[in-house]
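Please keep the sequence and the structure in view while reading.

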Amino acid sequence: MKTHLLTWAFLLATVPVVFASTLREGQPLPGSQIEDLGELVFADDEGDDFDFRTWEASRAVATPHVLQYFPGTLQDSKLYEPFTDLLQARYGLGTYHVTTIINLDQALWGTRGFVVSEVKRNKRKFPNSTMVLDESGSLARQWNLGDKGASLIILDTSGQIRYLHLGRMEERDLAEARDVFADLMDASAGTP
């Protein structure tokens with residue numbers, strides 16, 4: 001009997017934990033904020049210097065909104081690039097909004113400075129986008145995004161989640177996200 005109990009205890013201890021994200025389609029983003037570093041903002045009119053301020057998930061955006069969250073590694077930074085490249089090619093600047101949140105806690109040892117520099121470069125290149133640095137990975141824990149915490153979220157103009165994808169996107173995921181986003185763009189433009 002004791003052997004069976006020990007066997008069961010061992011098996012339960014070695015079963016991988018399955019994470020269930022707190023994010024749900026049709027629901028608003030959970031009220032969350034990032035205070036450790038946070039949103040990168042220009043500190044001067046020339047864009048030469050930067051400051052950080054607390055980022056809040058509940059901040060309203062008047063256009064369809066893409067939120068991408070991923071670890072601060074070069075490989076992970078490319079996870080959602082096919083989708084964001086598609087948006088750039090198809091829609092005009094200012095017709096939609098992108099928020100990029102980088103989990104610095106997942107950056108490879110010794111690369112943190114490089115990641116921060118790259119985010120600053122991208123903020124200069126896309127000044128109307130929101131760039132956020134999550135120093136401790138707090139958002140991945142708050143939203144229960146699992147080990148890597150990579151996610152792509154599409155929000156409508158009222159802040160409701162209309163599409164949620166965790167991890168790497170396959171072609172069918174990209175097509176689904178594209179269709180959801182196109183419907184939101186049509187709706188925001190008043191197209192039936």
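Which residues are buried in helix 3? In this helix, residues 81-90, the buried ones are Phe83, Thr84 and Leu87; buried means under 20% relative accessible area, exposed over 50%, and partly exposed in between, with a 1.4 Å probe and protein chains only. Because they cover an arc of only 95° around the axis, they lie on the same side of helix 3; the arc is that of the directions from the helix axis to the C-beta atoms. Helices (H or I, at least four residues) and strands (E, at least two) are DSSP runs, numbered from the N terminus.

The model is predicted: local features need pLDDT of at least 70, side-chain atom pairs count only at pLDDT 80 or more, and totals for chains, interfaces and linings use all residues. Residues are numbered from 1 along each chain as its sequence is written, and side-chain values use heavy atoms, with hydrogens and water left out.

The buried residues of helix 3 pack against strand 3 (65-71), strand 6 (151-155) and helix 6 (171-188), where contact means heavy atoms within 4.5 Å. Helix 6 in turn has buried residues of its own: Asp173, Leu174, Ala177, Phe181, Ala182, Leu184 and Met185. These are on the same side of helix 6, because they cover an arc of only 165° around the axis. Their cover includes strand 3, helix 3, strand 6 and strand 7 (161-166). On the other side of helix 6, Glu171, Arg172, Asp183 and Ala187 are exposed. Gly190, with a positive phi near 85°, follows helix 6.
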